[in-house]
Amino acid sequence: MRGLPLQEWCSTGGLALASFSTEAEYSTLAHILESLSNEKVTLIHSKPIRFALDASIALIDASSHELTARSALRRRISDQEDSKTIKNPADTQNFLNQLEKMSKKSTEKEWWIWSSPSDLLAHGVDETEIAQCLRVIANDYSEFRFIVLIPRDVHSPRGFAILEYIAEIHFTATGLKDGNYLWSVAKHYDLKYEGAKIEI
């Protein structure tokens, strides 16, 4: 698909929302990472990644919500190995504190992708709390190119509308063509981009 490249579309930074139907969760992540293959990317993953990733992608593991003795031991070992792990990501204030520490080593030229804050719903986190977390990210990381991946189907209409309102940019999967998802800009601070097709 030809159209607006993601790098141009999101060049000045800010919080971007990529929305899609639940069944497109993995293909969305794969397509976005593929489109940024020549860029420096930090990926916050809320589920284990089970497909091959480029070695240059920095990973932050936010998949371990359980507080069992086994997970605590695993975290201690991973901390000793200096890996990046968000401890108890269901605690959004703790998540933001840890993210701040990790981001201090980054540059505004880096791409940050969170796949996906919607996973917190399965752990009992209220939609309003998720929205507040993303509001802080939108404010504190306004110079960063930060993309959150949101499956529309798992949010209430009100909860999804709040997330869309918080984001500066919103692009959405609109259908299939030749086996690929078509994407269009639903919201953008540069009005000329609204309705544009995105090449990812």
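Predicted model: local features only at pLDDT ≥ 70, side-chain atom pairs only at ≥ 80, totals over all residues.
1. **Helix 5 and helix 6: geometry.** The two axes cross at roughly 5°. They come within 10 Å of each other. Angles under 35 degrees count as roughly parallel. Helix 5 and helix 6 are therefore roughly parallel to each other.

2. **Helix 5 and helix 6: contacts.** On the helix 5 side, the residues involved are Glu127, Thr128, Ile130, Ala131, Leu134, Arg135 and Ala138. They meet Arg158, Gly159, Phe160, Ile162, Leu163, Tyr165 and Ile166 of helix 6. By class, the residues of this contact are 9 nonpolar, 2 polar and 3 charged.

3. **Helix 4 and helix 5: geometry.** Helix 5 also pairs with helix 4 (residues 92-103), and these axes too come within 10 Å. The crossing is at roughly 20°. Helix 4 is therefore roughly parallel to helix 5. The crossing of helix 4 and helix 5 is right-handed.

4. **Helix 4 and helix 5: contacts.** Helix 4 contributes Thr92, Phe95, Leu96 and Leu99. Their partners in helix 5 are Glu129, Cys133, Val136 and Ile137. The residues of this contact divide into 6 nonpolar, 1 polar and 1 charged.

5. **Glu110: setting.** Is Glu110 buried or exposed? Find Glu110 in the loop between helix 4 and strand 5 (111-115). Its relative accessibility is 3%. Buried means under 20% relative accessible area, so Glu110 counts as buried.

6. **Glu110: neighbours.** Which residues does Glu110 touch, not counting those up to four places away in sequence? They are Lys40, Val41, Thr42 and Arg145. Look at Val41 in particular, as Val41 returns in the last point.

7. **Ser56: setting.** Ser56 sits in another loop, the one between strand 3 (41-45) and strand 4 (58-61). The relative accessible area of Ser56 is 45%. Exposed means over 50% and buried under 20%, with partly exposed in between. Ser56 is therefore partly exposed.

8. **Ser56: partners.** The side chain of Ser56 makes a polar contact with the side chain of Asp54, at 2.6 Å. Ser56 and Val41 are 15 residues apart along the chain. Their C-alpha atoms are separated by 7.5 Å.

Definitions and conventions:
Residues numbered from 1 in each chain as written. Heavy atoms only, no water. Axes fitted to C-alpha atoms, helices over the stretch in contact; angles between N-to-C directions. Helix = DSSP H or I, 4+ residues; strand = E, 2+ residues; numbered from the N terminus. Parallel < 35°, antiparallel > 145°, perpendicular 65-115°, else oblique. Contact = heavy atoms within 4.5 Å. Nonpolar A, V, L, I, M, F, W, Y, C, P; charged D, E, K, R; others polar. Buried < 20%, exposed > 50% of the residue type's maximum accessible area, 1.4 Å probe, protein only. Polar contact = N/O pair within 3.5 Å; in protein donor to acceptor, adjacent residues only side chain to side chain. Left-handed = near helix turned anticlockwise from the far one by under 90°.
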